[in-house]
Amino acid sequence: MYSAKIMKKYLAKFKKKLKQYFIKTFWNKDKKDNKNILNTQLGAKGWENVYLSNPEPLSVVKSEVAKELIKLSTPSAKFIEMGCGSANISAELAIAGISVSLCDFSLPILKQARKLFKISELPKPKAILMDISKKLPLSEDVFDIVWSSGVLEHWEDVELIPILSEMKRISRK
């Protein structure tokens, strides 16, 4: 099982790449003040406005984050993405043959993520409606890799401790 130190180091390693990806993807270019929408507390409805567009089918692994996660994988690995949003990276993991589960606090976002898997002709992922800031309704040691992209920066460090503890609890590593 990963210690909190290892998880923190792992998360820090990808922080720069993830930030670049999300700024490139979600920068609000229409606003004169150029505020990044990631730095606002949108809530479920606000995030639905971001993620509920028509997804395009995926067929190849392009994301550097997905490539790094694949390197951590084994053939029978089970992954869960905490706060899946569009689930593009998880879909790329599924393209590579990884068993993927998705969780988000918005049912419409989960439905949209499943739609991406369907139109990309990927296995239907398990979708779990839950708030990752609460105790997770999952057993211990269920997943090989528990990960998140563009989510954890929305909490203060003190708020992250229970979230990371829960991620560690449900992870086998």
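This is a predicted model: local features need pLDDT of at least 70, side-chain atom pairs count only at pLDDT 80 or more; totals for chains, interfaces and linings use all residues.
**Ground rules.** I number residues from 1 along each chain as its sequence is written.

**Strand β1.** I looked up residues 78–82. Helices (H or I, at least four residues) and strands (E, at least two) are DSSP runs numbered from the N terminus. Four of the five residues of β1 are buried, so the strand is largely enclosed by the rest of the structure. Buried means under 20% relative accessible area with a 1.4 Å probe, protein chains only.

**Pairing.** I count two strands as paired if DSSP finds at least two bridges between them. β1 runs parallel to β2 over five bridges. K78 stands opposite S99 in β2. β1 also pairs with β4, parallel, over three bridges. There, E81 has W147 as its bridge partner.

**Cores.** A nonpolar core joins buried Ala, Val, Leu, Ile, Met, Phe, Trp, Tyr and Cys residues through side-chain atoms within 4.5 Å. The largest has 21 residues; V100 and W147 are among those touching the most other members. α3, α4, β2, α5 and β4 each supply at least two of its residues. A second, separate core of 17 residues includes M82 and V151.

**H154.** I found H154 in the loop between β4 (145–147) and α6 (157–170). H154 counts as buried because its relative accessibility is 16%. Its side chain reaches the backbone oxygen of G150 at 3.5 Å.

Terms used
Side-chain values use heavy atoms; hydrogens and water are left out. Buried means under 20% relative accessible area, exposed over 50%, partly exposed in between (1.4 Å probe, protein chains only). A polar contact is a pair of N or O atoms within 3.5 Å; within protein, one must be able to donate a hydrogen and the other to accept it, and residues adjacent in sequence count only if both atoms are side-chain atoms.
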